[in-house]
Amino acid sequence: MGNATPRLLCLHSFRTSGPILKDQMFQFSNFGEKLEHAGYDLEFLNAPYQCNEEDEKKVYAVVKQAFTRHKKYYEWYNASDDKTEYRRLDETIAYLERMLEQKGPFDGLVGFSQGGSLAHLMAYLQATGQAFTRHPPFKFIVILSSRRSRATIHQPLWQAPPPKNLPKAIVFYGGKDKACPVEDAKKLIETLPGAEEVYLPESDHRVPTLPEAEGGRLLDFLRQ
């Protein structure tokens, strides 16, 4: 990219939005500030599927209460009851292919919750040549409170040896996270050789506010 400012694509959680993730990073935590301090421009993208009236009734009350000015909610995919099928994921992958072409290139991916699971999957699909092959290889991924895909179609990815050209990764996870328990975060980390782990024992399912030491680890990771 020459002297261009490095860029990050930021992927929001289930039934939220790009603007909500931006607020989570800047108004409710210092995470966005840390990323900008490291010299990155951030692009916040909405998922392609906008929730309908029925979906909106299921949006977590805490989300609606915390982000009252945001009235639209989106999802990257919707898991079946047994979590083995991810509906609309194919449409999301095609949409992301277009967005990378129109808005890219991006140096890395940042994802929270469902967005982090998607960032993890994107890295794998690119490294194995299954998608995003027209985009330059992602240099790194930053994952917050996320699990690896539980869809049946993706299990061969986790069972095979990890591809050697995966981007470097840093994974943040919380000891009090009930939506993505520690054991689920650990299973994701197992698929990312050499990943840096940042365990926050008091953190629950949210974009974390980083103490000085953990913030320093993020900055060091981004500047390597």
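**Cores, sheet and salt bridges in a predicted model**

In the largest nonpolar core, which has 41 residues, the members that touch the most others are Trp76, Leu96, Leu118, Met122, Phe132 and Leu192. Two or more residues come from each of strands S1 (7–11), S8 (140–144) and S9 (168–174), and from each of helices H5 (89–103), H6 (114–127), H7 (155–159) and H8 (182–190). H6 contributes the most, with eight residues. The model is predicted. Leaving aside residues up to four places away in sequence, Met122 touches Leu11, Leu96, Leu100, Leu109, Phe132 and Phe138. A second core is separate and holds 25 residues, among them Met25, Ala38, Phe112 and Leu210.

Helix H1 spans residues 18–26. Its buried residues are Gly18, Ile20, Leu21, Asp23, Gln24 and Met25. Their cover includes S1, helix H2 (31–37), strand S2 (41–45), helix H4 (61–66) and strand S7 (108–112). At the start of H1, a side-chain oxygen of Ser17 comes to within 3.1 Å of the backbone nitrogen of Ile20.

The open sheet has six strands, ordered S2-S1-S7-S8-S9-S10, with parallel pairing. S2 and S10 (196–200) each have a single partner strand, so one side of each lacks a neighbour in the sheet. From one strand to the next, the twist averages 15 degrees. S9 and S10 run parallel and are joined by five bridges. Gly174 has Leu200 of S10 as its bridge partner. H6 packs on the sheet, where it touches S1, S7 and S8. The direction of H6 makes about 145 degrees with that of S7.

The model contains 13 salt bridges. One joins Arg88 to Glu75, at 2.4 Å from N to O. Arg88 lies in the loop between strand S6 (86–87) and H5, whereas Glu75 lies in strand S4 (residues 74–75). The two are 13 residues apart. Arg88 is partly exposed, at 30% relative accessible area. Glu75, at 0%, is buried. Another salt bridge pairs Glu101 with Arg134, at 3.4 Å from N to O. Glu101 belongs to H5 and Arg134 to the loop between H6 and S8, so this pair ties together parts 33 residues apart in sequence. Both Glu101 and Arg134 are exposed.

Arg206 and Asp204 also form a salt bridge, with their closest N and O atoms 2.5 Å apart. Arg206 is partly exposed, with a relative accessible area of 47%. Asp204 is likewise partly exposed, at 28%. Through shared partners, salt bridges join Arg15, Asp55, Glu75 and Arg88 into one network.

Conventions
Residues numbered from 1 in each chain as written. Predicted model: local features only at pLDDT ≥ 70, side-chain atom pairs only at ≥ 80, totals over all residues. Heavy atoms only, no water. Core = buried A, V, L, I, M, F, W, Y, C linked by side-chain atoms within 4.5 Å. Buried < 20%, exposed > 50% of the residue type's maximum accessible area, 1.4 Å probe, protein only. Helix = DSSP H or I, 4+ residues; strand = E, 2+ residues; numbered from the N terminus. Contact = heavy atoms within 4.5 Å. Polar contact = N/O pair within 3.5 Å; in protein donor to acceptor, adjacent residues only side chain to side chain. Pairing = 2+ DSSP bridges. Axes fitted to C-alpha atoms, helices over the stretch in contact; angles between N-to-C directions. Salt bridge = Lys/Arg side-chain N within 4 Å of Asp/Glu carboxyl O.
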